[in-house]
Amino acid sequence: MGVGVGMDVRRLLLTVAVALVGGAGVVTGVSVEDADGEGRSGILAPRPPSVSLAYQPAQGGPPVSPIEKIKVTATDGELRDVALTPASGPPVRGQFTPDRRVWSPAEPLRYGTTYTWTGTAADAEGKTVPLAGTVVTVKPSRLVRGTLNIGDGRTVGVATPVQLQFSGRVTDRAAVERALTVTTSVPTEGSWGWLQDESGGSRVHWRTKEYWKPGTKVTVSAKLFGVSYGAGAYGATDLSTTFTIGRSQITKANVTSHQLVVIRDGKQVASYPASYGLDSDPNRNTRSGVHVITEKFTDKRMTSQQYDYDVMMKYAVRMSNNGEFIHANPATTGVQGSTNVSHGCVNLSTADAKAYYDSSIYGDPVEVSGSAVRLSARDGDIWVWTMDWAAWQRLSALTG
């Protein structure tokens, strides 16, 4: 019986070809029918890797802060090796998650630097894809440095505020304040407050609601590197300090009593005859309000063009930045304890001034009362205790 040209012929030829080649044990090609019955020949293409990569930050975006969340994530696979390398210098130290699906830096990046991703990721069958792309960090228009007022390991008084002074202006105060933390060994209520800029830079203080509890351990952390201060400025570096609150020593200075009374841990330990600022001259009054001791000098030169004096005084303890000190003044010994004649300082005898000098530390409060002129923002850098608690809290960029 004859066979016509058509579908039956093609099927017969395919059957014979498969039988002959199969008998030889070699396959050189396969003819596959299309859905419409037409055939085509070729080798099936290999399946691509199933693993995919996602970068944070996404590729092609604007420069980011060096503390931005940076990572590469593998989906349907794992990361084999990863490197994030700057144009100069070694790769960034990094770490994998336990399942090796995510890699992230273990150290901050640098400002104004381009980093390149390299490495591979693989799927379950071992098929790999390369890492590629870059991370670009911002180049600040200026770096702003900060300085904390209390060094590591110091012991300070119960009225001590934490002060952070910046070398330049801070526009985004809320962003900076979010980077600041104060940790205490006992529960302590406190708040940050921004004071007027001085010396071309901003400053913020952390004040407790009440005086510190003696013995409190305090840790201050300022994670400022990479924080945008606004107007193109960024934090230059992180800051931290740990200190201890010492014994409670509160000095009571009632100008009408002509005495300087020292209360230590709730008990009176000294009362020194004193002469305060001249009552009849408001410019010479010792200001009423809570002062804070900040410096001590065994010898301190004191000058005034207004009142034409230039003298060297012994055992001077600064209690404000407006020129008020507690110090020895032999010239007023005869009226100490009875009359106020000073230019605003607290005059003591040399022996009493030395005893007070030896007993005082940074952050001790001096509570002046009885004068007609009150301590204010014009009288120095630490005037945080001149405000009630509600008013102080309003100086916070986050809660005010």
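This is a predicted model: local features need pLDDT of at least 70, side-chain atom pairs count only at pLDDT 80 or more; totals for chains, interfaces and linings use all residues.

Does F225 count as buried or exposed? I looked it up: with a relative accessibility of 17%, F225 counts as buried, because the cut-off for that is under 20%.

Next I looked at aromatic pairs, and the structure holds 11 of them. One I picked joins Y111 and F225, whose ring centres are 4.8 Å apart; their planes stand at 55°, so I put this pair down as tilted. I then checked where the two residues are. Y111 is in the loop between strand 7 (102-105) and strand 8 (114-122), while F225 is in the loop between strand 18 (217-222) and strand 19 (228-230). That's 114 residues apart, so I noted a link between distant parts of the chain. Y111 has 16% relative accessibility, so it counts as buried too.

Another pair I looked up is F166 with W194. Their centres are 6.0 Å apart and their planes are at 15°, so this pair is stacked. F166 belongs to strand 14 (residues 162-166) and W194 to strand 16 (residues 190-198), so the pair ties together parts 28 residues apart in sequence. I found both F166 and W194 buried.

I also came across a cluster: Y55, W103 and W117 are linked by ring pairs.

Last, charges over rings. I found R284 over the face of Y307, 5.6 Å from the ring centre. The charged end of K314 sits over the ring of Y315, at 5.3 Å from its centre.

Terms used:
Residues are numbered from 1 along each chain as its sequence is written. Side-chain values use heavy atoms; hydrogens and water are left out. Rings of Phe, Tyr and Trp (its six-membered ring) pair if their centres lie within 6.5 Å; planes under 30 degrees apart count as stacked, over 60 as edge-to-face and the rest as tilted. Helices (H or I, at least four residues) and strands (E, at least two) are DSSP runs, numbered from the N terminus. Buried means under 20% relative accessible area, exposed over 50%, partly exposed in between (1.4 Å probe, protein chains only). A charge sits over a ring if NZ of Lys or CZ of Arg is within 6 Å of the ring centre and within 35 degrees of the ring normal.
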